[in-house]
Amino acid sequence: MVGSVHTLNEDSRINGAVEPLPEDFDATALIMDPVPSSLVDNGSVNEEVQINKGKEKRLIVLGRNIHTMCLEVTEPDADDDVTGDREAYMAGVLARYKRALTERTKHHLGYPYNLDFDYGALSQLQHFSINNLGDPFIESNYGVHSRQFEVGVLDWFARLWELEKNEYWGYITNCGTEGNLHGILVGREVFPHGILYASRESHYSVFKAARMYRMECVKVDTLWSGEIDCDDFKDKLLQNQDKPAIVNVNIGTTVKGAVDDLDMVIKKLEEAGFSQDRFYIHCDGALFGLMMPFVKRAPKVTFKKPIGSVSVSGHKFVGCPMPCGVQITRLNYVNALSRDVEYLASRDATIMGSRNGHAPIFLWYTLNRKGYRGFQKEVQKCLRNAHYFKDRLVEAGIGAMLNELSSTVVFERPHDEEFVRKWQLACKGNIAHVVVMPNITIEKLNDFLNELLEKRATWFQDGKDQPYCISSDVGEKNCLCALHK
């Protein structure tokens, strides 16, 4: 077990005798800062953070330290094959884990994962090590791959975003973060000395990319909705007119589900004197990149506009049992990255080498089952349920906000971290959110709200605690604290 040491028993030998560990051996000395040093009693990690522009400080409560609860890997006993004890033990562990997963799935609200899926028909493929290493469009010498499924999925997304087959390149990534890493890398390769611009409410992977690639990064202010402040964006462009611009545009921010105005971003680039050969736009559409095409009157994300790449997550709105994503860019841009690899008998312009070959099959299966009409129905259901939930919160006197093109409902942060953990809420400062996905029913939303109201009656009964003010997060009109009612 990581973080603990168990000596082998006397019958166990690896290349001869085993030298016993000294009595004063410190296992933790082998682990370099596995978690921050300040731990609370339940194993959670606290880190002080400043909020509300210095008026208040809050401890960030991180999750439990898994070193205290991990499942140990032990050596089989000599007679395990005869007694079957080890198989029985492992079967029991897995059965308990399945029950735990079932229970946690019932209380999943805060993260954008569609858990409404059934891939039983694909279980027959779990016996194969399917690996799409290298370029999706050029077969390698490794024959157990699913490129035919992968390219079919990529063609579907290219049509969705209006890019011809002979004009796009892309691949199925291991997650949404990899899509952002790749999109920004392509931008950096096109403009090696470019500056990365991203709103302060962009996903943390965008700023991770800037650190990894040693890029100069300018953070742009946002409106209270979470949308990029295009006036501030233009001001910062004008300060750096001598360098090309690499811009991250959010098609749904992480916390508030805000959609940056792509057309206005392009307009501000032009107003600041940036011609199309001096900027590159990556669209981070992790969740809403697949929802917006099915929302009436929503602005279009399309390669008919001067954008360089779009990425979405496959395990979010589509609903995959493993993290994955889709990254699409222009073919002429990716040539700067692509290299022939003799070992593979293929080319490679991806971030990773080996890539999960099962993920394309899961995506292909779902796209074929649902199609455009199926996704449109699910998008409408999510938006309808999100509006219902937001209205119920406000009726109950709880400050809440829902952006027009979003299914992310933002509201006052609960005062009980155990309640937050039970319902798996994502929190930031004084706000929390629920992401209404296809598997989130009205019944589940009502259950959550009823329990929240019961808890609030307890939290605020003696008058010592008050609901958080969220005006600085979502605007005064959406705050229902004592000051802004």
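Setting aside residues up to four places away in sequence, Thr253 touches Glu201, Gly226 and Ala258, where contact means heavy atoms within 4.5 Å. The structure is a predicted model, in which local features need pLDDT of at least 70 and side-chain atom pairs count only at pLDDT 80 or more, while totals for chains, interfaces and linings use all residues. Residues are numbered from 1 along each chain as its sequence is written, and side-chain values use heavy atoms, with hydrogens and water left out.

Thr253 lies in the loop between strand E6 (245-250) and helix H7 (262-271); helices (H or I, at least four residues) and strands (E, at least two) are DSSP runs, numbered from the N terminus. Its relative accessible area is 3%, and therefore Thr253 is buried, a word that stands for under 20% relative accessible area, with exposed meaning over 50% and partly exposed in between (1.4 Å probe, protein chains only).

Asn403 sits in the loop between strand E12 (400-402) and strand E13 (408-412), and it counts as buried because its relative accessibility is 14%. From Asn403 to Glu227 the chain runs 176 residues in sequence, yet their C-alpha atoms are 9.7 Å apart in space.

Helix H5 (residues 204-212) also has buried residues, namely Ser205, Val206, Phe207, Ala209 and Ala210. These buried residues pack against helix H4 (176-190), strand E4 (195-199), strand E5 (217-220) and E6. After H5 comes Arg214, whose phi is positive, near 55°.

Most residues other than glycine have a negative phi. Two further residues with a positive phi can be found in loops. Glu162, which is not a glycine, has a positive phi of about 60°; its loop joins H3 and strand E3 (168-173), and Glu162 counts as partly exposed because its relative accessibility is 27%. Arg297, likewise not a glycine, has a positive phi of about 70° and is placed in the loop between strand E7 (279-284) and strand E8 (309-313). With 80% relative accessibility, Arg297 counts as exposed.

The next topic is a pair of packed helices. H3 (147-160) and helix H9 (residues 358-395) pack at an angle of about 30°, with their axes 8 Å apart; the axes are lines fitted to C-alpha atoms, for helices over the stretch in contact, and angles run from 0 to 180 degrees between N-to-C directions. On the H3 side the meeting residues include Phe149, Trp156 and Phe157, and on the H9 side they include Ile361, Trp364 and Phe375.

Charged side chains give another way through the model. A search of the whole structure finds 18 salt bridges, each being a side-chain nitrogen of Lys or Arg within 4 Å of a carboxyl oxygen of Asp or Glu. One of them joins the side chains of Asp232 and Lys236 at 2.9 Å, N to O, and these two residues lie four residues apart in helix H6 (residues 230-238), about one turn of the helix. An α-helix has 3.6 residues a turn, so residues three or four places apart point the same way. Both Asp232 and Lys236 are buried.

Glu271 forms a salt bridge with Lys234, with the closest N and O atoms 3.2 Å apart. Because Glu271 belongs to helix H7 and Lys234 to helix H6, the pair ties together parts that are 37 residues apart in sequence. Glu271 is partly exposed, with a relative accessible area of 36%, and Lys234 counts as partly exposed at 23% relative accessibility. The two residues also belong to a network of salt bridges that links Asp231, Lys234, Lys268 and Glu271.

In helix H10 (residues 417-422), Arg421 and Glu418 lie three residues apart, about one turn of the helix, and they form a salt bridge whose closest N and O atoms are 2.9 Å apart. Arg421 is partly exposed, with a relative accessible area of 25%, and Glu418 counts as partly exposed at 47%.
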